[in-house]
Amino acid sequence: MNSFSILFNEVYKILFLLIPVLVTVAMIVWLDRRVWAFVQKRRGPNVVGPFGLLQSLADALKYIFKEIIIPASSNKVIFILAPITTMTLALIAWAVIPFGENLVLADINVGILYLFAVSSLGVYGIIMGGWASNSKYPFLGAIRSAAQMVSYEVSIGVIIINVLLCVGSLNLNDIVLAQKNMWFVVPLFPMFVIFFISALAETNRPPFDLPEAEAELVAGYQTEYSGMMYAMFWLGEYANILLMCAMGSILFLGGWLAPLEIEVLSFIPAPFWLIFKILFLFILFALVKAIVPRYRYDQLMKLGWKIFLPLSIIWVVITAGYLLYFNLLPVQL
Amino acid sequence: MIAHAVFFYLFAFIAIVSAIMVTAARNTVHSVFFLILDFISISCLFIMIGAEFLGMIMLIVYVGAVAVLFLFVVMMLNVAQQKNQWFASSKSSSHIPAGLLVSLIIFFELIIVIGGWKYKPDLLNSSTILISNTTTNTHSLGNVLYTDYIHLFQISGMILLVAMIGAIVLTFRQRAGLKKQSYIKQISRERADGVEVVNVPKNKGVKIDV
């Protein structure tokens, strides 16, 4: 009976986290289109509900009632598994995101590694979808996308090392608490910029949305998908974007900490600060989508391997040297 | 405790079944997917025995990077067709003995590993590394890896670097007459470089050299 109550408690906690995340994902699709429209002097979705807020709900309803078409020559099991993988991986990562001092589902020691591992698994949904469709455009899109995601993961990993050098722990709550005096965005500003751009590439957002470059590849790996399965890819993608924003705000913007230690600011509860920061980063993502034209593929690879990777490695050396010279290392040897 | 046992047997079962399916699956891409499932369940087992760092690194390195490359190669090469051709043609005979030899060696090594299990307590006692419950797994690994075994650690890194450079050298081909794009040239190109206004004499024309 006792173990049952524990199980029930955990399920309750998980639902309490997942349902807001899913609702936020739906709202953020609306926000993305809205920001995009405002930059281009359009109105954006403004018909369904107040300010068009219910647009995503209408879209979801449309997708649910559409027929799911599975191509005859596709590999059916993997074809169906692909969107499920994308969606699941985008959601399980939220287990370790700390929303406050004790507001975290699983406070594990290697939280940041877990986040990194889950975000690097995200490539499988795309490869599986592209291969199982058994069609040329999805396959080419999947290959492009996989190469792109693997390349940019490397520099994200090195950037994480930069932050970890300053923290001395892999626990996400420790990372947040280490920024009590100064957010890491100040001393590690170049790394923040590189992280932001790599996150754009990692989530296949414009200007790096080559996997679904509609001018060349129809819709990339999603070409053969329809109905709810397409919607799951789509939601998974946005959940991933949200996750990268959360990761950026935890690593560089002080997570759930208030910007200044003032009574008025710390009056607002910790989770809201994290949500504000995630939204801020997301609006930046949306602005980039509206402003910047698409990269050429060879430029993208060159940027990842020949500019970002060396830069972030050099910055690791600089950070380590600085910390060692001024005896600021967080863990005493 | 019973939950622990349930999870252990679950992951162990998945690991063994997927390891068998890697060799048994007809479709090569399916066997790579089973390999990935195997990696994931083994990293879960690592995490269950408290080696959380190893488990996560296993996920990041093997599943996140190595298996993706496997998948790439297998998808691109159409291995299934080649496999059938190999076994059908008479020229293939040189591959099968080599493969058999390697698998025999691995088989005997596995037997030796299981036999060595008997000496495990002695080995654990002879080790100078203390397992403490207060420091995290990552800290204790770092403490050993960057102090006592720093040279071995560095050497293994060097070997990986050499392998990487070797792979690049083997595949890098410089062909003559290859046109390359240079950003610096593209960006620093001014109007004056591209456009030239020429006064064309009547009935004579100009010679444009390209």
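**Helix packing and chain contact**

Biologist: Starting with chain B, are H2(B) and H3(B) roughly parallel or roughly antiparallel to each other?
Modeller: In this predicted model, H2(B) and H3(B) are roughly antiparallel to each other. Their axes cross at roughly 175°, and angles over 145 degrees count as roughly antiparallel.

Biologist: Where are those helices, and within what distance do the axes come?
Modeller: H2 of chain B covers residues 28-48 and H3 of chain B covers residues 52-77. The axes come within 8 Å.

Biologist: Which residues make the contact?
Modeller: From H2(B), they include B:Val32, B:Leu35, B:Ile36 and B:Phe39. From H3(B), they include B:Met58, B:Leu59, B:Tyr62 and B:Phe70.

Biologist: How do the residues of that contact divide into nonpolar, polar and charged?
Modeller: The contact of H2(B) with H3(B) has 20 nonpolar residues, three polar and one charged.

Biologist: Chain A next. At what angle do H5(A) and H6(A) pack?
Modeller: The angle is about 160°, and the axes of H5(A) and H6(A) are 7 Å apart. That makes H5(A) roughly antiparallel to H6(A).

Biologist: Is the crossing left-handed or right-handed?
Modeller: H5(A) passes H6(A) in a left-handed crossing. Among the residues in contact are A:Ile126, A:Gly130 and A:Trp131 of H5(A), and A:Phe139, A:Ala142 and A:Met149 of H6(A). The contact of H5(A) with H6(A) divides into ten nonpolar residues, four polar and no charged.

Biologist: How many residues does each chain put into the contact between A and B?
Modeller: Chain A gives 16 residues and chain B gives 16 residues.

Biologist: Which elements of chain A give two or more of them?
Modeller: Helix H4 (111-121), helix H5 (123-132) and helix H6 (136-167) of chain A. H4(A) gives the most to the side of chain A that touches chain B, with six residues. That side is made up of 13 nonpolar residues, two polar and one charged.

Biologist: Back to chain B. What domains is it divided into?
Modeller: Domain 1 is 1-88, domain 2 is 95-127 and domain 3 is 134-171. The C-alpha centres of domain 1 and domain 2 of chain B lie 21 Å apart.

Biologist: What separates B:Leu161 from B:Ile57?
Modeller: B:Leu161 and B:Ile57 are 104 residues apart along the chain, and their C-alpha atoms are separated by 19 Å.

Conventions: Residues numbered from 1 in each chain as written. Chains lettered and ligands numbered in written order. Predicted model: local features only at pLDDT ≥ 70, side-chain atom pairs only at ≥ 80, totals over all residues. Contact = placed C-beta atoms within 7 Å. Helix = DSSP H or I, 4+ residues; strand = E, 2+ residues; numbered from the N terminus. Nonpolar A, V, L, I, M, F, W, Y, C, P; charged D, E, K, R; others polar. Domains from an automatic or database assignment. Axes fitted to C-alpha atoms, helices over the stretch in contact; angles between N-to-C directions. Parallel < 35°, antiparallel > 145°, perpendicular 65-115°, else oblique. Left-handed = near helix turned anticlockwise from the far one by under 90°.
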